[in-house]
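Dear colleague,

I am handing over the structure below, and after it I set out what was found in it. Please read the notes alongside the model.

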Amino acid sequence: GHWPVDRIDYRQLREYGEGLIRDGLANATVNRRMSAIGVALREAVRNGELDKRPELPHWRENNLREVYMTPKQELEVFGWLRRKVSSAAVMGNLENGDWAYVEALAAFLLDTGLRFSEAFKCRPTDDFRAVVLDGADSKNGAGRIVPMTERARWAYAILAKSPQHAKLATDPNAWHWVAHRWSIATREAGCPEITLHILRHTCASRLVQKGVPIFTVSKWLGHKSVRVTERYAKLAPDSLSQALAALQGAPVALAEPLRVTPLLHEREQSTDGGTLAQVK
């Protein structure tokens with residue numbers, strides 16, 4: 001039935017979710033439904049219909065089969081895109097701009113971990129080293145700053161100048177337009193399982209595998225709760241031996257730190273004749 005919005009509380013939501021699980025829904029599916037309810041309740045707070053949004057229950061998603069893009073798959077997919085762009089340009093094909101745009105957008109999403117919709121709402125910092133998302137433009141309602149790799153800065157420069165990017169920013173079918181072309185690229189490259197959203201998962205997995213703390217990865221991705229980020233914890237290198245060595249006073253080999261802001265004296269790489277497929 002329909003619940004009066006001001007009477008919805010944690011207990012009621014918990015019972016609702018447990019009922020869905022008894023009906024056969026997976027934990028991940030129930031969590032996604034709770035997320036949708038949370039968005040609706042947040043809107044109710046903004047409209048003055050609710051004083052405070054209740055806490056949302058969460059179920060462990062231990063039934064997930066995570067898929068990530070491997071470095072080899074990255075080379076294959078971006079290599080195919082680069083060849084497509086080059087051949088289309090030689091033939092004078094009007095789709096050349098489409099494939100170049102998909103190449104740049106995919107590289108940007110892969111290196112920033114932004115959600116698809118956030119790629120159209122972010123803006124660069126004054127020094128062009130990061131992108132900024134305002135609270136209203138982020139899924140969790142909280143703004144954040146996401147540093148850009150050299151490749152991400154290159155890709156963003158292309159997106160910012162692209163008429164297609166401005167057009168898709170207001171197109172309700174933007175996801176389908178990009179996902180269709182991305183699926184062609186991944187299928188031709190031999191990895192059709194690498195969907196567009198997996199680029200975000202891949203960014204998160206690479207951060208965790210490099211030893212970046214889960215809490216930091218959670219802030220990078222813009223997760224409302226670190227519990228959502230814990231799905232990547234199994235990918236983290238074993239840090240227990242480092243903890244033991246620290247307590248014993250023995251030297252500890254620290255993981256390579258995350259560079260939030262590249263050194264100012266680094267030389268900017270020219271984009272002439274380069275390729276976004278290059279793995280740094």
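Arg115 sits in the loop that runs between α4 (96–112) and β1 (123–124), where helices (H or I, at least four residues) and strands (E, at least two) are DSSP runs numbered from the N terminus. This is a predicted model, in which local features need pLDDT of at least 70 and side-chain atom pairs count only at pLDDT 80 or more, while totals for chains, interfaces and linings use all residues. Residues are numbered from 1 along each chain as its sequence is written, and side-chain values use heavy atoms, with hydrogens and water left out.

With a relative accessible area of 13%, Arg115 is buried (under 20% relative accessible area, with a 1.4 Å probe and protein chains only), and its side chain reaches the backbone oxygen of Gly222 at 3.4 Å.

Leaving aside neighbours within four places in sequence, Trp182 is in contact (heavy atoms within 4.5 Å) with residues including Met69, Val77, Leu81 and Leu199.

As for confidence, pLDDT (the predictor's confidence in each residue, from 0 to 100) averages 81 over the protein chain, and 78% of the residues score at least 70. Over residues 254–280, however, pLDDT stays under 50. Where pLDDT is low, the predicted coordinates should not be read in detail.

Key
Buried means under 20% relative accessible area, exposed over 50%, partly exposed in between (1.4 Å probe, protein chains only). A polar contact is a pair of N or O atoms within 3.5 Å; within protein, one must be able to donate a hydrogen and the other to accept it, and residues adjacent in sequence count only if both atoms are side-chain atoms.
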